[in-house]
Amino acid sequence: EGEMPDEVNIDELLELETDEQRAQNSRGILKSCTADTQGFIQELLTQLQGLPKQQVLQRPSPEGPQPITRPPPHDYSPS
């Protein structure tokens, strides 16, 4: 019996457009497994249908947050 992969990246599968692409990707991941994987892949595809895609979080700027600049103070002269 071939080894099963340590993990399947669900977010990566959700990024694919069609179930056929997801199935093809899953078959590639499970190619070393000698057991019949078709039932597993079909169940995986069924469960993926109810999951939303992960929102991509924006990384902070490498420079860090920009400082808030204030206008120079007014020079008040008594009149």
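Student: Where is the place of Arg22?

Tutor: Helices (H or I, at least four residues) and strands (E, at least two) are DSSP runs, numbered from the N terminus. Arg22 lies in helix 2. The model is predicted, so local features need pLDDT of at least 70 and side-chain atom pairs count only at pLDDT 80 or more, while totals for chains, interfaces and linings use all residues. Residues are numbered from 1 along each chain as its sequence is written, and side-chain values use heavy atoms, with hydrogens and water left out.

Student: Is Arg22 buried or exposed?

Tutor: Buried means under 20% relative accessible area, exposed over 50%, and partly exposed in between (1.4 Å probe, protein chains only). Arg22 is buried because its relative accessible area is 12%.

Student: With which side chain does the side chain of Arg22 make a polar contact?

Tutor: A polar contact is a pair of N or O atoms within 3.5 Å; within protein, one must be able to donate a hydrogen and the other to accept it, and residues adjacent in sequence count only if both atoms are side-chain atoms. Here the partner is the side chain of Asp19, at 2.9 Å.

Student: Which residues is Arg22 in contact with, leaving aside its neighbours within four places in sequence?

Tutor: Contact means heavy atoms within 4.5 Å. With those neighbours left aside, Arg22 touches Leu13, Leu14, Leu16, Glu17, Leu45 and Leu48.

Student: Which residues make up the largest nonpolar core?

Tutor: A nonpolar core is a set of buried Ala, Val, Leu, Ile, Met, Phe, Trp, Tyr and Cys residues joined through side-chain atoms within 4.5 Å. The largest one has eight residues: Leu13, Leu14, Ala23, Leu30, Ile41, Leu44, Leu45 and Leu48. Helix 1 (10–15) and helix 3 (38–48) each supply at least two residues of this core, and helix 3 gives the largest share, four residues.

Student: How many helices and strands has the chain?

Tutor: There are three helices and zero strands, and the elements run α-α-α from the N terminus on. Of the chain's 79 residues, 16% count as buried.
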